Amino acid sequence: MYQIKGKINSTNAAEFEKEIMVAKPAELDASQLEYISSAGLRFLISVNDRMVNKKGMILRNVRKETMEIFDIAGLSIILTIERGEQT
């Protein structure tokens with residue numbers, strides 16, 4: 001499982017995407033994801049689309065605040081997400 005830490009925004013989304021595509025994890029742990037911008041949302045959609053042939057990816061341990069962003073953006077329908085215990 002790949003751990004996402006800190007923030008994903010326009011300054012580091014491309015770097016995260018390269019890292020993920022090299023590792024090709026089936027699961028991403030978002031328990032330490034503090035902030036995600038629209039660039040970060042695009043990154044997750046892109047990674048999921050590329051991994052769809054491998055059954056996609058699972059985003060685990062999503063914090064309540066981050067889940068709200070996914071819900072508002074409509075990504076909770078597109079992505080496979082497991083909410084964290086704090087939700």
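Modeller: Please keep in mind that this is a predicted model.

Colleague: In what pattern do the helices and strands follow one another along the sequence?

Modeller: The secondary structure of the chain comprises four helices and four strands. Read along the sequence, these elements give the pattern β-α-β-α-β-α-α-β.

Colleague: What class of geometry does the aromatic pair have?

Modeller: A search of the whole structure finds one aromatic pair. Phe16 and Phe43 form this pair, with 6.0 Å centre to centre and 40 degrees between the planes. Planes under 30 degrees apart would count as stacked and over 60 as edge-to-face. The pair of Phe16 and Phe43 is therefore classed as tilted.

Colleague: How many residues apart are Phe16 and Phe43?

Modeller: Phe16 belongs to helix H1 (residues 13–23), and Phe43 to helix H2 (residues 38–51). The pair thus links distant parts of the chain, and the separation is 27 residues.

Colleague: Is Phe43 buried or exposed?

Modeller: A residue counts as buried under 20% relative accessible area. Phe43 has 1% relative accessibility, so Phe43 counts as buried.

Colleague: What radius of gyration does the chain have?

Modeller: The C-alpha atoms fill a box of roughly 30 × 30 × 20 Å along the principal axes. For 87 residues, a compact globule would have a radius of gyration near 12 Å. The chain agrees with this expectation, at 12 Å.

Colleague: What share of the contacts with a separation of 6 or more comes from residues 24 or more positions apart?

Modeller: Contact here means heavy atoms within 4.5 Å. Among contacts in the chain with a separation of 6 or more, residues 24 or more positions apart account for 66%.

Note on methods
Residues numbered from 1 in each chain as written. Predicted model: local features only at pLDDT ≥ 70, side-chain atom pairs only at ≥ 80, totals over all residues. Heavy atoms only, no water. Phe/Tyr/Trp six-rings, centres within 6.5 Å; stacked < 30°, edge-to-face > 60°. Helix = DSSP H or I, 4+ residues; strand = E, 2+ residues; numbered from the N terminus. Buried < 20%, exposed > 50% of the residue type's maximum accessible area, 1.4 Å probe, protein only. Rg over C-alpha atoms; globule rule 2.2 N^0.38 Å.
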